[in-house]
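Me: I am new to this structure and would like to go through it step by step. Could we take it topic by topic?

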Amino acid sequence: MTDGPSSFSLLPGAPHSPVILHVPHDARAIPPGVRTGIALDDAALERELDHLTDAHTARIAEAAAARAGVTPWRFVNRLSRLVVDPERFPDEREEMLAVGMGAVYTRTAHRGVLRPEDTDPEPLLARYFRPYARAMTEAVAGRLAATGRAVVVDVHSYPSRPLPYELHGDGPRPPVCLGTDAFHTPPALLAAARDAFAPCGETVPDTPFAGAYVPLEFHGRRPEVAALMVEIRRDTYMSEPGGAPGPGLERLAGCLAALVDAVGDGFPPGDGTPVRRAATR
């Protein structure tokens with residue numbers, strides 16, 4: 001399931017697994033046609049990718065899938081979030097538009113110019129964003145059809161020090177932040193995540209990043225779709241800003257595998273209170 005060569009991949013897990021590990025920000029690849037619309041020179045672009053790429057999160061998800069008792073499914077973005085950010089709203093609902101970082105970024109992490117302000121986002125949305133959203137919707141629908149439920153676990157990382165683009169970067173920066181949604185994150189899922197990641201240090205919900213990704217077709221409507229965002233502070237497993245992984249990676253993979261195993265056993269749905277998909281990531 002891809003949009004063009006290596007745009008994104010759905011990697012099958014066990015037929016009876018409800019879990020999808022979603023890895024949206026790991027890649028650095030930018031197609032040549034997209035690169036021409038980016039204002040940065042090559043050196044500056046590499047620095048930007050260092051800051052904004054959730055490096056090695058695909059590797060963490062892969063290692064976790066291999067360790068889990070029941071193999072989860074994985075949906076992995078193969079292109080940089082500088083092409084499109086699949087977790088943003090594609091319209092005026094997106095609060096990150098305030099810093100030029102909607103679905104198509106026009107500003108950098110340090111609020112410099114990435115693309116001209118008058119860039120028309122529609123070609124990139126049509127070519128990359130909407131096919132990704134459709135494919136992710138189909139992946140969740142597939143788990144619902146096969147198992148009666150779906151659990152989307154977003155795998156992210158974030159820098160140990162806030163970057164200028166962050167709208168809510170003045171709070172705690174724990175080793176693991178757990179982003180939640182009032183409708184789609186049942187208390188048992190959050191509790192399972194806290195238990196699973198306890199070996200990695202403190203876990204704190206919704207700071208510095210809040211919310212969890214759910215395809216809009218299901219958001220606020222289908223409590224059978226559960227969701228959680230796992231934000232890992234980068235200095236716990238890699239050299240910042242864009243360096244090599246360290247020994248912490250394997251520990252994190254083990255913790256994520258423990259979460260996959262825990263939620264695979266089932267838990268009650270959310271309380272039915274609909275809230276919007278957070279887009280501060």
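Me: To begin, are Tyr158 and Phe209 buried or exposed?

Reply: Both Tyr158 and Phe209 are buried. Buried means under 20% relative accessible area, exposed over 50%, and partly exposed in between, with a 1.4 Å probe and protein chains only. Please note that this is a predicted model, in which local features need pLDDT of at least 70 and side-chain atom pairs count only at pLDDT 80 or more, while totals for chains, interfaces and linings use all residues. Residues are numbered from 1 along each chain as its sequence is written, and side-chain values use heavy atoms, with hydrogens and water left out.

Me: How many aromatic pairs are there in the whole structure?

Reply: A search of the whole structure finds 4 aromatic pairs. Rings of Phe, Tyr and Trp (its six-membered ring) pair if their centres lie within 6.5 Å; planes under 30 degrees apart count as stacked, over 60 as edge-to-face and the rest as tilted. One of the pairs is formed by Phe75 and Tyr132, whose ring centres are 5.0 Å apart and whose planes stand at 70°, so the pair is edge-to-face.

Me: Where do Phe75 and Tyr132 sit in the chain?

Reply: Phe75 is in strand β3 and Tyr132 in helix α4 (residues 122–147), 57 residues apart, and the pair links distant parts of the chain. Helices (H or I, at least four residues) and strands (E, at least two) are DSSP runs, numbered from the N terminus. Both Phe75 and Tyr132 are buried.

Me: And what is the geometry of the pair Tyr158 and Phe209?

Reply: Tyr158 and Phe209 also form an edge-to-face pair, with 5.9 Å centre to centre and 75° between the planes. Tyr158 lies in strand β4 (residues 150–158) and Phe209 in the loop between β6 (203–205) and β7, so the pair ties together parts that are 51 residues apart in sequence.

Me: Which residues form an aromatic cluster?

Reply: Phe8, Phe75 and Tyr132 form one aromatic cluster.

Me: Let us turn to Asn77. Where is Asn77 found?

Reply: Asn77 is found in strand β3, which covers residues 73–77. Asn77 is buried, with a relative accessible area of 5%. A polar atom of the Asn77 side chain lies 3.1 Å from the backbone oxygen of Leu79. This is a polar contact, that is, a pair of N or O atoms within 3.5 Å; within protein, one must be able to donate a hydrogen and the other to accept it, and residues adjacent in sequence count only if both atoms are side-chain atoms.

Me: What is Asn77 in contact with, leaving aside its neighbours within four places in sequence?

Reply: Its contacts include Phe8 and Tyr132, together with Ser7, Val23, Pro24, Ala27 and Pro86. Contact means heavy atoms within 4.5 Å. The C-alpha atoms of Asn77 and Ala29 are separated by 9.9 Å, and these two residues are 48 apart along the chain.

Me: Now the threonines. Is Thr137 buried or exposed?

Reply: Thr137 counts as buried, at 15% relative accessibility. Thr137 is found in helix α4, and a polar atom of its side chain lies 2.8 Å from the backbone oxygen of Ala133. Beyond its neighbours within four places in sequence, Thr137 is in contact with Pro215, Glu217 and Phe218.

Me: What about Thr236: where does it lie?

Reply: Thr236 lies in the loop between β7 (225–233) and α6 (248–263). Thr236 is buried, with a relative accessible area of 19%. The side chain of Thr236 reaches the backbone oxygen of Arg233 at 2.6 Å. Not counting residues up to four places away in sequence, Thr236 touches Pro175, Gly248, Arg251 and Leu252.

Me: A change of topic: which peptide bonds are cis?

Reply: Among them are the bond joining Thr207 and Pro208, with omega about 5°, and the bond from Glu240 to Pro241, with omega near 5°. Pro208 lies in the loop between β6 and β7, whereas Pro241 is in the loop between β7 and α6.
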